[in-house]
Amino acid sequence: MNPRVIGLATVVVFTALLPLAASAGPAGGPTARSAPPAALQEPQKLHEPENGGAPSGERCGPALTSRDGIEAQTCVLTENGDTWGRTYYRNASGEELRSVLSLMAPEGRTVQSHCVVEDGDEPGSCETPRERTAGKPERYWAVTEFAGSGDGTGPLLLRSGSNSAARSAS
């Protein structure tokens, strides 16, 4: 089977199941609240771009907090014909975590970054590599998953998306 068809089918299934998972409640999954800390409501204050200015386009999902103490907000950014994904986070879980940030592009293309998420109250960020924008930037979306245990094999603690609607699971 064509890898692009498989990738597209995976994205469609994931998109259909994400609202169900977000509304499932505290049966072992992360809980979300719709009133995040002020620093996560304004993600540009958590991480300033190296060039000193904000990207020309930034589309972010809601800031979420897990019951394990992880706060995250995931965005798709565009500037000068490039598009990339970025997640802003805080990790007050008491342990080092791993995250995977995936940027999904039109036609099934996906770019991933694996990041170490240090424990502590300081904000951090993780980015995918920039790529030339193919088509409309609105057709890109990003998802970050945070896993427990330092080697990334632990349970899923939080999933944050750039195109998610805020839902309360508490």
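Modeller: Cys115 is buried, with a relative accessible area of 16% (buried means under 20%, exposed over 50% and partly exposed in between, using a 1.4 Å probe and protein chains only). The model is predicted, and local features are therefore given only at pLDDT of at least 70 and side-chain atom pairs only at pLDDT 80 or more, whereas totals for chains, interfaces and linings use all residues. Residues are numbered from 1 along each chain as its sequence is written, and side-chain values use heavy atoms, leaving out hydrogens and water.

The partner of Cys115 is Cys126, with which a disulfide is formed at a sulfur separation of 1.8 Å (a disulfide being a pair of cysteine sulfur atoms within 2.5 Å). The link of Cys115 and Cys126 is right-handed, with 60° about the S-S bond. Cys115 belongs to strand S6 (residues 110–117) and Cys126 to strand S7 (residues 120–127), and the pair links distant parts of the chain, 11 residues apart. Strands here are DSSP runs of E of at least two residues and helices runs of H or I of at least four, numbered from the N terminus. Cys126 is also buried, at a relative accessible area of 2%.

A search of the whole structure finds two disulfides. The other joins Cys60 and Cys75, whose sulfur atoms are 2.0 Å apart. This link of Cys60 and Cys75 is likewise right-handed, with 105° about the S-S bond. Cys60 lies in strand S1 (residues 57–60) and Cys75 in strand S3 (residues 70–79), so the bond ties together parts that are 15 residues apart in sequence. Cys75 is buried at 0% relative accessibility, while Cys60 is partly exposed at 28%. Counted along the chain, the bonded cysteines follow the pattern 1-2, 3-4.

The nonpolar packing comes next. A nonpolar core is a set of buried Ala, Val, Leu, Ile, Met, Phe, Trp, Tyr and Cys residues joined through side-chain atoms within 4.5 Å. The largest core has nine residues: Leu64, Ile70, Ala72, Tyr89, Leu97, Val117, Phe146, Leu157 and Leu158. Strands S3 and S10 each supply at least two residues of this core. Apart from it lies another core, of eight residues, which includes both Cys115 and Cys126 as well as Val76 and Leu103. Within the largest core, Ile70 touches a number of residues beyond four places away in sequence, among them Leu64, Leu97, Phe146, Leu157 and Leu158 (contact means heavy atoms within 4.5 Å). The contacts of Ile70 also include Thr65, Arg90, Asn91 and Ser93.

Aromatic rings count as paired if their centres lie within 6.5 Å, the rings being those of Phe, Tyr and Trp (its six-membered ring); planes under 30 degrees apart are stacked, over 60 edge-to-face, and the rest tilted. A search of the whole structure finds one such pair. The ring centres of Tyr89 and Phe146 are 6.1 Å apart and the planes stand at 65°, so the arrangement is edge-to-face. Tyr89 lies in strand S4 (residues 82–91) and Phe146 in strand S9 (residues 141–147), so the pair ties together parts that are 57 residues apart in sequence. Both Tyr89 and Phe146 are buried.

Charged side chains complete the picture. The charged end of Arg130 sits over the ring of Trp84, 3.6 Å from its centre (NZ of Lys or CZ of Arg within 6 Å of the ring centre and within 35 degrees of the ring normal). The count of salt bridges comes to six (a side-chain nitrogen of Lys or Arg within 4 Å of a carboxyl oxygen of Asp or Glu). One of them joins Arg132 and Asp82 at 2.9 Å, N to O. Arg132 lies in strand S8 (residues 131–132) and Asp82 in strand S4, so this bridge ties together parts that are 50 residues apart in sequence. Arg132 is exposed at 58% relative accessible area, whereas Asp82 is buried at 18%. In another, the closest N and O atoms of Glu145 and Arg159 are 2.7 Å apart. Glu145 lies in strand S9 and Arg159 in strand S10 (residues 156–161), so parts that are 14 residues apart in sequence are tied together. Glu145 is partly exposed at 30%, as is Arg159 at 24%.
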